[in-house]
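I opened my notebook to look up charged side chains today. Here is what I went through, entry by entry.

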Amino acid sequence: MTYRAGIIGTGGIAGMGILGMHDAEDIGKKKVRASHAGGIDAADGIELAAVADVDEEKLDRFGEAWDIPPENRYVGHEAMLDAEDLDVVSVCTPSYLHAAHVVDAAQSAADPSLVWCEKPIASAVSDAEEMVDVCDETDTELLVNHSFRFTTKLQQLRDLVQEEDIIGDVLSVSTQFRMELLRNSTHLLDTLVYLLDDRASKVAGHITGENEAVESLEAAERVDDAGGGGFVVMDDGAFVTIDCTIPREPSSMTLNFIGTEGKLYLNNDDGEWRYWRLEDGDHVEDSLPGIEGAWTWDEDYRDAFANAASDIVSVLDGEMDNPSTGEEATRSLEIIAAFYISHYTGGQVSIPLDRPLRDVNITSW
């Protein structure tokens, strides 16, 4: 069978391109493959059947680009969810709307078996928890598009770290990526918790108040989301430093792991992965078993959306477990929220967040 998918929100990540990520001359004018619609189009066993947006002009532009018949274009997500029978609902709206749209989809007459939500999962931890709870109650899979999880090399690396134990117990990690925390750095933090298979326990943070989106992405208004970072102590004891204060142009996504059995250096922007095993007290550089080359944006990220859509088909077919659950996506969000809370209170923050702190809302695009 072919699964029917609908998209809520017809902006950049849905399929029309994002400034800073796609070619400027293509933005809003033609199909962009590194997108939810592009992933659905590339995968077997799933088709894009309907789309919804509150902006009728954007809706029609998207519909024309992706060949969606006018009768399957809906002004407002409620209209689509009332009229369509959907197996998958893809949520591509701004992060502060994710909770409402995921909950509405899970409880709707469309009765989707899976909701594919763009990252970050939400703008408040309590919203993320509600999304997880409602999807559990309605027997709806919630799959969050932290797209690095859908790249083969990172999956292979996680197996080496978790199953083959190539660096032993992780003691320390230092990381760096571009501002802003919600819009960009959620990728870095999800990569961290994915590779460690761990959750934060204590956080201290600093917020710069600076962001690039107003000018470089032509955003209409200023929001809370900004550069920042701090330190994180993980449940298993690893000490992690996070620096996401750097503007996009000079930044590189880097993660440096030091463990009891070796070291691992990842630089995704420059395509350099290096591994050293600890041998008789000396670090000896070696190749990563089974991994050829390093992760790059051009090669690996390009395929992430098609891989995600293929995984969605496999989840619906009962052939695999959800590779990016709402519970796991909340792990990166609670670190970001804790950075803000720590900055504005001047103290360290424990995770899980206490009830009032879970309601802290960080506005983003």
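Which side chain meets D190 in a salt bridge? I looked it up, keeping in mind that this is a predicted model. The partner is R149, at 2.8 Å from N to O. This pair links distant parts of the chain, 41 residues apart: D190 sits in helix α8 (residues 181-196), and R149 in the loop between β6 and α7 (152-162). I noted that D190 and R149 are both buried.

Next I checked the total, and the structure holds 18 salt bridges.

I then turned to E64, which forms a salt bridge with R73, their closest N and O atoms being 2.8 Å apart. E64 counts as exposed because its relative accessibility is 55%. R73 has a relative accessible area of 13%, so R73 is buried.

Another salt bridge I looked up joins the side chains of D359 and R355, at 2.6 Å from N to O. D359 is partly exposed, with a relative accessible area of 40%, and R355 is partly exposed at 46%. I also wrote down that salt bridges with shared partners join D60, E64 and R73 into one network.

What about R358? I found R358 in helix α12 (residues 355-358). R358 counts as buried because its relative accessibility is 18%, under the 20% cut-off. Leaving out residues up to four places away in sequence, R358 touches A124, V125, S126, E129 and L353.

Last entry: a patch of negative charge on the surface, with E130, D133 and E141 among its members. Helix α6 (residues 125-137) gives the patch its largest share, 4 residues. E141 lies in strand β6 (residues 141-145) and counts as partly exposed, at 33% relative accessibility.

How values were computed: Residues are numbered from 1 along each chain as its sequence is written. This is a predicted model: local features need pLDDT of at least 70, side-chain atom pairs count only at pLDDT 80 or more; totals for chains, interfaces and linings use all residues. Side-chain values use heavy atoms; hydrogens and water are left out. Patches are made of residues with over 30% relative accessible area and no salt bridge: like charges are joined within 9 Å, nonpolar side chains (Val, Leu, Ile, Met, Phe, Trp, Tyr) within 5 Å. Accessible areas come from the Shrake-Rupley method with a 1.4 Å probe; for residues, only the protein chains shown count as cover. A salt bridge is a side-chain nitrogen of Lys or Arg within 4 Å of a carboxyl oxygen of Asp or Glu. Lys and Arg count as positive and Asp and Glu as negative; His and the chain ends are not counted. The place of a charge is taken as NZ of Lys, CZ of Arg, CG of Asp or CD of Glu. Helices (H or I, at least four residues) and strands (E, at least two) are DSSP runs, numbered from the N terminus. Buried means under 20% relative accessible area, exposed over 50%, partly exposed in between (1.4 Å probe, protein chains only). Contact means heavy atoms within 4.5 Å.
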